[in-house]
Amino acid sequence: MTGQQLKNSILQMAVQGKLVPQDPNDEPASVLVERIRAEKERLVKEKKIKKEKNPSYIFRGADNLPYEQIGKNEPVCIADEVPFEIPDSWEWIRLRSLTYNHGQRKPDSTFSYIDIGSIDNRHQRLNETETHIAADKAPSRARKIVEFGDIIYATVRPYLHNTCIIDREFSLPPIASTGFAVMACHGEYYNLFLFYYLLSPDFDSYANDNDNSKGVAYPAINDDRLFNALIPIPPVEEQHRIIEKLMEVLPSVDEYGIEENKISTLNSEFPERLKKSILQWAVQGKLVPQDPNDEPASVLLERIREEKARLVKDGKIKKDKNESVIFRRDNSHYEKRGNEEVCIDEELPFDIPETWCWMRLSSFGVFSSGKTPSMSDPKNWTNGTIPWISSKDMKHQVIKDSEMHITEYAAASMKKYPSGTLLLVARSGILRRLLPLCVLGVDSTINQDIKAFDLYDLSLSNWLFYAIKAYEPMILQDLVKSITTVESLKFNEFSEILIPVPPPDEQKRIIEAIHTFIGLIKPLYNDPLFSL
């Protein structure tokens with residue numbers, strides 16, 4: 001049970017007469033109702049409130065059911081309208097019969113303005129800071145007079161609970177927005193009891209019912225509907241006992257809510273944190289033990305350089321005049337680019353095992369982008385069979401097909417990437433929260449928002465997938481820039497990140513362990529399509 005659910009249950013018990021026992025010695029609520037009527041008549045005579053044309057009078061009939069007489073009309077049974085049963089010593093009353101307000105006025109001097117933003121709706125209280133506005137700058141909605149002890153209730157989007165009791169004096173005369181209903185209670189009815197009833201699930205249901213709250217984007221309940229609500233009236237002494245009990249238990253409920261939120265947050269974040277930890281252990285060489293019999297990573301990197309040299313010789317790629325070569329010397333790491341050699345120890349994000357090596361991401365292959373064949377030319381798309389990958393296809397670790405396909409005619413002017421190629425989205429709003437990264441499981445073409453990483457050694461694609469994913473939090477924080485409304489990867493910086501490389505056999509063991517761990521934590525995710 002959440003903290004809010006527990007609070008709702010307690011409030012519901014309170015307003016239904018189930019939180020504290022009834023005392024047969026209490027003066028019945030019917031007597032209080034009579035005093036409320038008498039006070040209203042006095043205020044009418046004093047011209048402080050207007051006389052109701054058709055006052056409501058609710059009573060129990062001989063059949064013990066509630067009846068209402070409005071004005072001089074015949075009484076009608078309202079049993080179907082009352083939201084719940086109340087104790088025998090309680091009564092029902094319309095909100096308009098229970099409360100009054102102080103009217104409206106246009107500010108003629110600087111004043112303290114109370115609008116929706118003045119309320120902390122998590123705790124239903126006024127913000128500490130006052131908003132002072134000069135009379136000539138007053139919003140047209142600044143009209144309602146409020147006094148100490150009044151309840152203000154926002155009639156727009158009532159489900160947000162922008163309601164509170166005016167519980168302090170102001171440095172300047174307070175004026176509230178016409179977006180509030182202002183309520184002062186008649187007689188000895190406790191404003192706190194009414195306040196808690198307005199927050200109860202039953203009143204919430206009434207205020208937010210489609211018949212009462214009109215509008216789509218900003219549903220609002222009008223005054224007629226609001227003040228027609230039925231309000232329970234306990235005896236005065238019982239009201240006091242209920243409020244006393246609420247004051248006793250609600251702080252504990254709030255503490256429970258705070259702890260429950262912490263646990264809920266921990267539970268929701270735990271799988272993601274665990275996944276990130278697994279990837280961090282993986283790229284730091286802590287997920288599986290090293291095997292001294294493994295061929296060291298330096299041999300693998302030498303083969304990559306040989307393959308790159310072959311591609312240069314065959315004219316398939318250009319020679320890199322400042323090719324990066326990273327090596328160990330004197331227990332430090334150095335990088336050679338052309339004729340320059342520098343120590344990069346301070347740039348390394350963490351330590352790696354002796355059999356591992358570091359390598360710049362750009363040293364593993366060549367990045368390139370695709371394109372979109374003309375949509376207006378049917379020869380590009382009609383009966384196409386060749387996958388054409390766009391960002392909407394980047395939903396799984398391995399892509400086996402695409403939503404759209406191009407023809408051989410269109411593919412003739414495009415590069416086709418082999419299975420095993422790494423793909424990433426380099427420009428998209430999704431980069432605010434996620435780096436879409438996938439491995440091609442089928443030969444494909446790509447669109448212009450996708451970057452393909454054509455590797456010199458395709459056997460490294462799975463390891464590089466997990467290594468880049470381990471860097472994802474850093475990439476999203478430091479290597480993504482906003483261009484108007486779309487995020488874009490700072491590609492030059494991204495391609496130069498340092499990637500740890502384990503021996504080939506250890507890579508296989510690590511990837512197998514990752515699959516095992518991810519399989520174990522997958523049930524913790526609510527998303528059935530969960531993947532890295």
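Helices (H or I, at least four residues) and strands (E, at least two) are taken as DSSP runs and numbered from the N terminus. The structure is a predicted model, in which local features need pLDDT of at least 70, side-chain atom pairs count only at pLDDT 80 or more, and totals for chains, interfaces and linings use all residues. Residues are numbered from 1 along each chain as its sequence is written, and side-chain values use heavy atoms, with hydrogens and water left out.

Accessibility is classed as buried (under 20% relative accessible area), exposed (over 50%) or partly exposed (in between), with a 1.4 Å probe and protein chains only. Arg-157 has a relative accessibility of 29% and therefore counts as partly exposed.

Asn-383 is placed in the loop between helix H9 (378-381) and strand S23 (386-389). With a relative accessible area of 71%, Asn-383 is exposed.

A disulfide was defined as a pair of cysteine sulfur atoms within 2.5 Å. By this rule the count is zero. For Cys-164, the closest cysteine sulfur is that of Cys-185, at 14 Å, which is too far for a bond. The closest cysteine sulfur to that of Cys-185 is in turn the one in Cys-164. Cys-164 is buried, at 0% relative accessible area, and Cys-185 also counts as buried, at 15% relative accessibility.
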